[in-house]
Amino acid sequence: MTVTFENQPVIGPEPVPKRKLYTGDMVPAIGLGTFGSDNYDNETIADAVRTAVRMGYRHIDCASVYGNEREIGLILKELFEEGTVTRRELWITSKVWNDSHDRVIAACEQSLSDLGLDYLDLYLVHWPFPNHHAKGVTVDSRDPHAEPYIHENYMKVWRDMERLVEKGLVRNIGTSNMTRPKMELLLRDCRIRPTVNEMELHPHFQQPALFDYVVSEGIVPIGFSPLGSPGRPERDRTPEDTSPMEDPVIAEIARGHGIHPAAVCLKWGVQRGGVVIPFSVKPEKILSNLSAVADGDPLTGAEMEAIRAIDKNCRLVKGQVFTWPGATWEDLWDEDGIIKQ
Ligand SMILES: NC(=O)c1ccc[n+]([C@@H]2O[C@H](COP(=O)([O-])OP(=O)(O)OC[C@H]3O[C@@H](n4cnc5c(N)ncnc54)[C@H](OP(=O)(O)O)[C@@H]3O)[C@@H](O)[C@H]2O)c1
């Protein structure tokens, strides 16, 4: 019999695997993404948070730049008041946006105030550059003040991240959109190590070298756009992009398990040892994504191997809008192991 709450099916948090961080904290291996890719209004995304938590999600991936933390905060308040969850049962992530690298503590306090919380489980540096863009810009838009990675400046940001831990406002800190050479410098110079690295991960962009490197450093990889971000904004699309959910190998495995290709992508992401944060506002998709990591029907070794072989090194979130004068988007990613200046 399916358990329901207000006519919505409930899986509950118990069958969801967790990842242990070096701090001892446990992160649920699936979280709900909250970046609406300019397609949905803030209330719709906040409603998806309510639906997800009632179904059994305990991890929500937020960011100030998504523009919806205030609406999500109202839903969290409601969920606490109705007794669906306690604060301690939830894992809430937020991120300092690129325009606030010189005011990290104030930015974190603003996210806490908007979310109605007195601490975050995880706070990330969203991008290692201070370069930013206005909401909804086109792919040709550039920040005239954009600059390359400057390690000294990143370490100033990181010192403030460390202060947030010391002040008790944040339980864990982490990075996002990092590369190995940047991470090596951070690990050399930090006082508090990152607990996670949030990075694009899906069957067509597996980043095996960076994935293995962060794991070898005791850092948990959180995979964003785990379904290949089919609703991403125009500024993040190019004609060469491929779609993991449409891959024939993924489709065949999905048929074998009687599940949607999305579920295969999520099972793969979790079985590989990462955390997945798929976005949806549709209750049936929110439920089926949770079920994919909670249903106890793993992919076989042969299926995992077949998926390993379809990596296309196809980065979808390229970050074109963050490039500095004279740079291409490839320069953001240090592909030959050298930080571009
Ligand atoms: N750290 C970073 O820089 C960064 C960058 C990008 C994303 N993120 C985070 O990662 C989250 C997820 O990434 P994303 O939103 O880019 O991409 P995604 O989760 O790979 O894809 C989301 C899209 O997939 C569709 N979808 C969801 N579940 C589905 C299912 N079961 N079957 C078919 N389609 C399904 C959704 O459809 P509907 O629209 O119909 O619901 C939505 O359009 C974001 O929301 C954000 O929290 C972080």
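1. The second largest pocket of this predicted model holds about 440 Å³ of space. A pocket here is an open set of points on a 1 Å grid over the protein atoms alone, with protein on both sides within 12 Å along at least five of seven lines, and a lining residue has an atom within 4 Å of a point. Grid points are joined across faces, edges and corners, and a volume is the space filled by probe spheres set on the points. Of the 22 lining residues, Phe 205, Gln 207, Asn 313, Arg 315 and Glu 335 are the closest to the pocket's centre.

2. Helix 5 and helix 6 (208–216) each give at least two residues to this lining, and helix 6 supplies the largest share, 3 residues. Helices (H or I, at least four residues) and strands (E, at least two) are DSSP runs, numbered from the N terminus. By class, the lining of the second largest pocket has 9 nonpolar, 5 polar and 8 charged residues, where Ala, Val, Leu, Ile, Met, Phe, Trp, Tyr, Cys and Pro count as nonpolar, Asp, Glu, Lys and Arg as charged, and the others, Gly among them, as polar.

3. Helix 5 (residues 180–189) also belongs to a right-handed β-α-β unit, together with strand 9 and strand 10. Right-handed means that, with the strands pointing away from the viewer, the path from the first strand over the helix to the second runs clockwise.

4. Strand 9 runs parallel to strand 8 (residues 122–125), joined by 3 bridges, and parallel to strand 10 (residues 196–200), again with 3 bridges; two strands pair if DSSP finds at least two bridges between them. Tyr 123 stands opposite Ile 173 of strand 9, while Ser 176 has Glu 198 in strand 10 as its bridge partner. Within strand 9 (residues 173–176), Ile 173 and Thr 175 point one way and Gly 174 and Ser 176 the other, and all are buried (under 20% relative accessible area, 1.4 Å probe, protein chains only).

5. The whole structure has 3 cavities of 30 Å³ or more, a cavity being a set of points where a 1.4 Å probe fits but cannot get out. The largest cavity contains about 70 Å³ of space, and its lining includes Leu 201, His 202, Trp 268 and Arg 272. Helix 8 provides the largest share of that lining, 3 residues.

6. On the basis of the values: residues are numbered from 1 along each chain as its sequence is written, and side-chain values use heavy atoms, with hydrogens and water left out. In this predicted model, local features need pLDDT of at least 70 and side-chain atom pairs count only at pLDDT 80 or more, whereas totals for chains, interfaces and linings use all residues.

How values were computed. Buried means under 20% relative accessible area, exposed over 50%, partly exposed in between (1.4 Å probe, protein chains only).
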